[in-house]
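Me: I have a protein here that I would like to go through with you. Could you help me read it, one piece at a time?

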Amino acid sequence: MRLPQWLLLTAFIAAIVLLWSLRELLLLIFAAVVLAMALCTLVGILRERRPMQRPLALSLCIVGLLLLVAGAAGVVVPPFLEEFALLLQKLPEAGQALVRLGIGWIDSISEAIYGADAFPDLDQLGLKGPRQLVPDSSSLAAGVGSGLLGLLGLAGNLGNGVLRLLFVVAVALMISIQPQAYRNVGLQLIPSFYRRRGRRILDQCGAALSSWMVGVLISSLAVFVLCSIALTLLGVKLVLANALLAGLLNVIPNVGPTMSTIFPMAVALLDAPWKAAAVLGAYVVIQNIESYVITPSVMHHQGKLLPGLTLAAQFLFTLLFGPLGLLMALPLAVVLQVIIREVVIHDVLDRWKRLEPVR
């Protein structure tokens, strides 16, 4: 290799290292682009039905989304606050009942296996007597210190998450105001001979992301309906609020469904412990149906993603980028599928010159 080639290879490696070091920022920008795509899609639908200026249509869409979020919060939050306060009052009693039930099961199993006289009483072991229930001053100080450090760490993580969210929303709004200008800036980064082709590929990426958003909406509606049916059959209170929460949190892969089980289980625990266990079982079944049947099928139909690739993308991007990679796994997979199909396969591999076979 000559010196210019070595310099080109060195620059390429340095660019890859730089992009990898900025992967978190690039992923946040991609999340802003996805949010901007959703806003632009709503703006386009509104302007098709009611011709108006783009800033006015964007303002109406933002106000409508804020009202929708406020309405959903009004449906979900107040009933849960009331039920949570009642849960705090009854939690000690419910916990004691669960402990007694568990001890009874353990005793029954141990007596059935080892016999009734297999274990000595606590008096014979010298364990029944006064115990030190209050820790000494050093242990108490250490516990308070570790608790304060944990709270500070939690506050720092929450603050970091809020700043990231504000950054994503701000960039998404800026892109939504002038999408063509930002699109032209992106096209300027492509070599001139490939810009026309790059414009078509960007259009296909946008169409694929719009189809993915429709698929997410269908999947969330399916989870809402299934949770409503399950909670109604089990006789759990706040069916609408719990089902709506499950549908909203379904947007977050894996983590969202886990979070959505906490509130209906807490509400069911106020009625009977077995209802909480039944709710957990029902939600596990629903989320498995959603994860392995509904979402892969919908993504295959809407975004042309194979079910196996959908699951593999979630696993791979979680390993590479962490929790944010899990959240953005499917839109990343949709965009990368378009880029690989159009650039790597159609423009490179399909036009690869075949060598003469060796005779």
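Predicted model: local features only at pLDDT ≥ 70, side-chain atom pairs only at ≥ 80, totals over all residues.

Me: Is Ser 219 buried or exposed?
Reply: Ser 219 counts as buried, because its relative accessible area is 4%, and the cut-off for buried is under 20%.

Me: And what does Ser 219 touch, if I skip the residues up to four places away in sequence?
Reply: With those left out, Ser 219 touches Asn 250, Glu 290, Ile 294 and Thr 295. With Glu 290 there is also a polar contact, in which the two side chains are joined at 3.0 Å.

Me: What share of the residues is buried?
Reply: Buried residues make up 27% of the 359 residues in the protein. As for contacts with a separation of 6 or more, 66% of them are between residues 24 or more positions apart.

Me: Which residues touch the most other members in the largest nonpolar core?
Reply: That core has 28 residues, and the ones touching the most other members are Phe 30, Val 34, Trp 212, Met 328 and Leu 332. Two or more residues each come from helix H2 (23–49), helix H5 (137–177), helix H7 (195–234), helix H12 (307–321) and helix H14 (329–349).

Me: What is Phe 30 in contact with, leaving aside neighbours within four places in sequence?
Reply: Phe 30 is then in contact with Met 328, Pro 331, Leu 332 and Val 335. Apart from this core lies another one, which has 14 residues, including Leu 231, Ala 268, Val 279 and Tyr 283.

Me: Now for the outside. Where is Leu 7, and is Leu 7 buried or exposed?
Reply: Leu 7 is in helix H1, which covers residues 3–21, and Leu 7 counts as exposed because its relative accessibility is 54%, where the cut-off for exposed is over 50%.

Me: Which residues make the nonpolar surface patch with Leu 7?
Reply: Leu 7 makes that patch together with Leu 3, Trp 6, Leu 9, Phe 12, Ile 13, Ile 16 and Val 17, and the patch comes to about 810 Å². For the whole protein, the accessible surface is about 23900 Å², and 72% of that belongs to carbon and sulfur atoms.

Key:
Residues numbered from 1 in each chain as written. Heavy atoms only, no water. Core = buried A, V, L, I, M, F, W, Y, C linked by side-chain atoms within 4.5 Å. Buried < 20%, exposed > 50% of the residue type's maximum accessible area, 1.4 Å probe, protein only. Helix = DSSP H or I, 4+ residues; strand = E, 2+ residues; numbered from the N terminus. Contact = heavy atoms within 4.5 Å. Areas by Shrake-Rupley, 256 points an atom, 1.4 Å probe, with all protein chains shown as cover. Patch = residues over 30% accessible without salt bridge, like charges linked within 9 Å, V, L, I, M, F, W, Y side chains within 5 Å. Salt bridge = Lys/Arg side-chain N within 4 Å of Asp/Glu carboxyl O. Polar contact = N/O pair within 3.5 Å; in protein donor to acceptor, adjacent residues only side chain to side chain.
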